[in-house]
Amino acid sequence: MTTAPTELTRRHEGRGDTTTAPVLSLRDVRIADTATDREIVHGVGFDLTPGTTVGIVGESGSGKTLTCRAALGILPPYFEVTHGRVALDGTDTATLTAKEWTRLRGTTIAAVFQDPASYLNPSIRVGAQLAEVLRVKKGLKRREARERAVELLRAVHLRDPERSYGQYPHELSGGMLQRVLIATAIAAEPRVLIADEATTALDVTVQAEILDLLADLRDRTGLALVVVSHDLAVVAQLCDEVLVMKEGTVVEQGPTREVLHAPRHAYTRLLIAEHELYGIERFRTATPAAPAAGATKEDA
């Protein structure tokens, strides 16, 4: 199943400087559950440079989230990296102290997860929570933090950032909450953002808007993205390189165009077949329309 390169493919191939040092690098990373002495992730590796996007796709339990948690230094209890190397901005993360990790999270690497409501305090207005991150991570004064928080809410295309600043999480839709979480994640200007199933719980229209937002942030700021999803159509839209994981193993890896047009592994072919009816074909054959400046449907 091969076709001529599309405009989307050319955009993927032309973006990012492969000579730039990776901001995140994994080398043969293996993760084990030490409580059961069982290896869960069996050797994952990739390099992520500024302005590029790596996708990790696979079914639930394939090791996607554990791989990202290893990169963030937040593996669950009894899980640990038993082999390989994770390097963040050139530093082996195995050498980092807890204090150094705290400093790096948010400023060098940040993450957005599937359920934004779980990461926001329901009793505190969302703007105050965002402003607190700015005060802690950037050292801003109270007024400066508020002004910057409103700017960030505007940057993620919330329709009325001033109003949103003063609202509680339960007053916002799922798409709006995800935008708030993205604003919080980029508040300290990290170099790497991990989006772990960040659009899974959203309807198709809002999902597309969040993906456009992430692409816009990447293209404007040089942010490096790791996009984790069970949905190959999401990865097709956004990623330059894709890793396909099954049962803790990377069964296929390469440029998105090559993996989508000429999959080598039977599991990859199965994923593509399952998703062709849900929009992946349009990402092979057409360029997605650029979002209008300031356009949003976060209330959907």
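# Questions on a predicted structure

Visitor: Is D92 buried, partly exposed or exposed?
Guide: D92 has a relative accessible area of 24%. Buried means under 20% relative accessible area, exposed over 50%, and partly exposed in between, with a 1.4 Å probe and protein chains only. The value of 24% therefore makes D92 partly exposed.

Visitor: What kind of model is this, and from which number does residue numbering start along each chain?
Guide: This is a predicted model, in which local features need pLDDT of at least 70 and side-chain atom pairs count only at pLDDT 80 or more, while totals for chains, interfaces and linings use all residues. Side-chain values use heavy atoms, with hydrogens and water left out, and residues are numbered along each chain, as its sequence is written, from 1.

Visitor: How many helices and strands does the protein chain have?
Guide: Helices (H or I, at least four residues) and strands (E, at least two) are DSSP runs, numbered from the N terminus. In the protein chain, these runs come to 12 helices and 10 strands.

Visitor: Which residue forms a salt bridge with D92?
Guide: A salt bridge is a side-chain nitrogen of Lys or Arg within 4 Å of a carboxyl oxygen of Asp or Glu. The closest N and O atoms are 3.7 Å apart in the salt bridge between D92 and R85.

Visitor: Which helices hold R179 and E209, the two residues of another salt bridge?
Guide: R179 and E209 form a salt bridge, with the closest N and O atoms 3.2 Å apart. The pair links distant parts of the chain, 30 residues apart. R179 counts as buried because its relative accessibility is 1%, and E209 counts as buried because its relative accessibility is 15%. R179 lies in helix α7, and E209 lies in helix α8 (residues 204-221).

Visitor: In the salt bridge between D219 and R218, which residue counts as buried?
Guide: The side chains of D219 and R218 meet at 3.0 Å, N to O. D219 counts as partly exposed because its relative accessibility is 44%. At 3% relative accessibility, the residue that counts as buried is R218.

Visitor: How many salt bridges does a search of the whole structure find?
Guide: Some salt bridges are linked in a network, as with D28, R30 and E39. Across the whole structure, the number of salt bridges found is 14.

Visitor: Which residue has a backbone oxygen 2.6 Å from a polar atom of the side chain of T52?
Guide: T52 is found in the loop between β2 (38-48) and β3 (53-57). Its relative accessible area is 10%, so T52 is buried. The backbone oxygen that lies 2.6 Å from a polar atom of the T52 side chain belongs to T49.

Visitor: Which residues does P116 touch, not counting residues up to four places away in sequence?
Guide: P116 is found in the loop between β6 (109-112) and α4 (126-138), and P116 counts as buried because its relative accessibility is 7%. Contact means heavy atoms within 4.5 Å. By that rule, P116 touches G174, L177, Q178 and L181.

Visitor: What distance separates the C-alpha atoms of P116 and P169?
Guide: P116 and P169 are 53 residues apart along the chain. Their C-alpha atoms are separated by 9.1 Å.

Visitor: Which element gives the most to the lining of the second largest pocket?
Guide: On a 1 Å grid over the protein atoms alone, a pocket is an open set of points with protein on both sides within 12 Å along at least five of seven lines, a cavity is a set where a 1.4 Å probe fits but cannot get out, and lining residues have an atom within 4 Å of a point. The second largest pocket is lined by 23 residues, of which G106, A111, V133, T184 and A185 lie nearest its centre. β6, α4 and α7 (174-185) each supply at least two residues of the lining. With 5 residues, the element that gives the most is α4.

Visitor: What volume does the second largest cavity have?
Guide: A search of the whole structure finds 2 cavities of 30 Å³ or more. Grid points are joined across faces, edges and corners, and a volume is the space filled by probe spheres set on the points. The largest share of the lining of the second largest cavity, 3 residues, comes from β8. The volume of the second largest cavity is about 40 Å³.

Notes:
A polar contact is a pair of N or O atoms within 3.5 Å; within protein, one must be able to donate a hydrogen and the other to accept it, and residues adjacent in sequence count only if both atoms are side-chain atoms.
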